[in-house]
Amino acid sequence: MHITGLPPPTPASTSSAASTDLTQARLKRQSDIQLPGVKCWIKDLAVVSPDMLLVSNYSKQCVQLLDCLKGEVVSEVQLQEQPYRMCLTDRNTAAVNVGGGKIQMIKVKDKTLSKGRELTVSENIRGQTSCRNSLVVSYSSQPWLEVISMDGKVLHQFDKSGKSQHFKYPDFMCTTPGGSVFISDNGTHTITKVDGQLNILQTFTSPLLQEPCGITAVTEDQILVCNYNSLVLLQPSTNTMSTLLGKDEVIKCPYSLTYCPDQKKVYIASGYTNFFKVYQMS
């Protein structure tokens with residue numbers, strides 16, 4: 001199944017779609033969370049437990065464990081390179097892209113972070129997501145996508161023959177509860193859905209997508225995407241997108257985000273800031 005070309009919504013229908021077609025997706029603003037210190041560039045977020053966030057802090061060249069209730073960093077581990085994207089491989093382990101063709105495993109135990117093993121991949125790595133005990137990795141040029149085992153062995157690779165133009169800058173990725181992988185590409189302004197063998201299942205385009213970046217799965221059919229000055233909800237089953245949050249909701253340049261299923265909360269980091277926006281989803 002290959003879907004492209006969502007019908008452009010009219011300005012009047014954008015907000016109504018969010019309130020009628022998407023009645024099961026409402027966001028209520030919660031109190032912001034502030035990282036201690038000066039402004040920084042947060043490259044990615046991951047929920048470790050209902051009140052604990054892992055933060056990929058590019059500016060400080062470290063990964064931090066943030067207590068959301070206290071607004072305190074309870075542990076951090078310094079890295080040799082700036083961290084970029086990250087994902088959880090289990091509740092106690094995160095895979096962090098540290099540039100230079102390396103993925104650093106970070107262990108979480110008793111609210112303390114420590115380094116684990118390191119995987120070597122292509123130097124043009126952009127992001128990764130965990131899927132069925134493997135990692136799906138994106139790159140800024142060919143091979144574009146790979147599935148690798150937890151010890152670094154390549155299991156699947158995106159078929160370059162005849163498909164090399166599908167991606168330009170695949171970056172952020174997320175995995176749904178059912179094991180589908182969604183990839184945001186801010187070069188083609190698309191979202192692509194692939195399976196565990198990297199077969200393309202759907203491709204989504206819309207006037208609502210402008211340089212999409214951070215992406216997270218709420219359910220199998222609710223995908224949140226950070227977009228230029230907005231947060232977009234994608235529903236794959238109906239091939240629809242709607243803006244959930246825009247600049248009128250005091251959201252500016254959202255960059256990375258994550259979803260906590262236990263508390264049904266969305267955490268959003270935007271641009272060069274040490275603030276996180278927090279929303280309750282219902």
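Which residues is Asn 229 in contact with, leaving aside its neighbours within four places in sequence? The answer is Leu 245, Gly 246, Lys 247, Ile 251, Lys 252, Cys 253 and Pro 254, where contact means heavy atoms within 4.5 Å. The model shown is predicted, with local features requiring pLDDT of at least 70 and side-chain atom pairs pLDDT 80 or more, while totals for chains, interfaces and linings use all residues. Numbering starts from 1 along each chain as its sequence is written, and side-chain values use heavy atoms, without hydrogens or water.

**View A. Asn 229 in the loop between strand 20 and strand 21.** Strand 20 covers 222-227 and strand 21 covers 230-235 (strands are DSSP runs of E, at least two residues, numbered from the N terminus). Asn 229 has a relative accessible area of 19% and therefore counts as buried (buried is under 20%, exposed over 50%, partly exposed in between; 1.4 Å probe, protein chains only). Its side chain reaches the backbone nitrogen of Cys 253 at 2.9 Å.

**View B. Glu 220 in the loop between strand 19 and strand 20.** At a relative accessible area of 35%, Glu 220 is partly exposed. Not counting residues up to four places away in sequence, Glu 220 touches Thr 176, Pro 177, Gly 178, Ser 180 and Pro 236. Pro 236 is 16 residues from Glu 220 along the chain, and their C-alpha atoms are separated by 8.4 Å.

**View C. The salt bridge between Asp 32 and Lys 277.** The closest N and O atoms of this pair are 3.3 Å apart. Asp 32 sits in the loop between strand 1 (27-29) and strand 2 (33-34), Lys 277 in strand 25 (residues 275-281), and 245 residues separate them. Asp 32 is partly exposed at 32% relative accessibility, whereas Lys 277 is buried at 15%. Arg 29 joins Asp 32 and Lys 277 in a network of salt bridges. Seven salt bridges are counted (a side-chain nitrogen of Lys or Arg within 4 Å of a carboxyl oxygen of Asp or Glu).

**View D. The salt bridge between Arg 126 and Asp 171.** The closest N and O atoms lie 3.6 Å apart. Arg 126 belongs to strand 11 (residues 125-131) and Asp 171 to strand 15 (residues 170-175), 45 residues apart. Both residues are buried.

**View E. The largest pocket, holding about 840 Å³ of space.** A pocket is an open set of points on a 1 Å grid over the protein atoms alone, reached by a 1.4 Å probe, with protein on both sides within 12 Å along at least five of seven lines; lining residues have an atom within 4 Å of a point. Volume is the space filled by probe spheres on points joined across faces, edges and corners. The lining has 32 residues, with Leu 88, Thr 129, Thr 175, Thr 216 and Thr 258 nearest the centre. Strand 3 (42-49), strand 7 (86-90), strand 11, strand 15, strand 19 (215-219) and strand 23 (254-260) each contribute at least two lining residues. Strand 7 supplies the largest share, five residues. By type, the lining divides into 17 nonpolar, ten polar and five charged residues (nonpolar: Ala, Val, Leu, Ile, Met, Phe, Trp, Tyr, Cys and Pro; charged: Asp, Glu, Lys and Arg; polar: the others, Gly among them).

Note on methods: Helices (H or I, at least four residues) and strands (E, at least two) are DSSP runs, numbered from the N terminus. A polar contact is a pair of N or O atoms within 3.5 Å; within protein, one must be able to donate a hydrogen and the other to accept it, and residues adjacent in sequence count only if both atoms are side-chain atoms.
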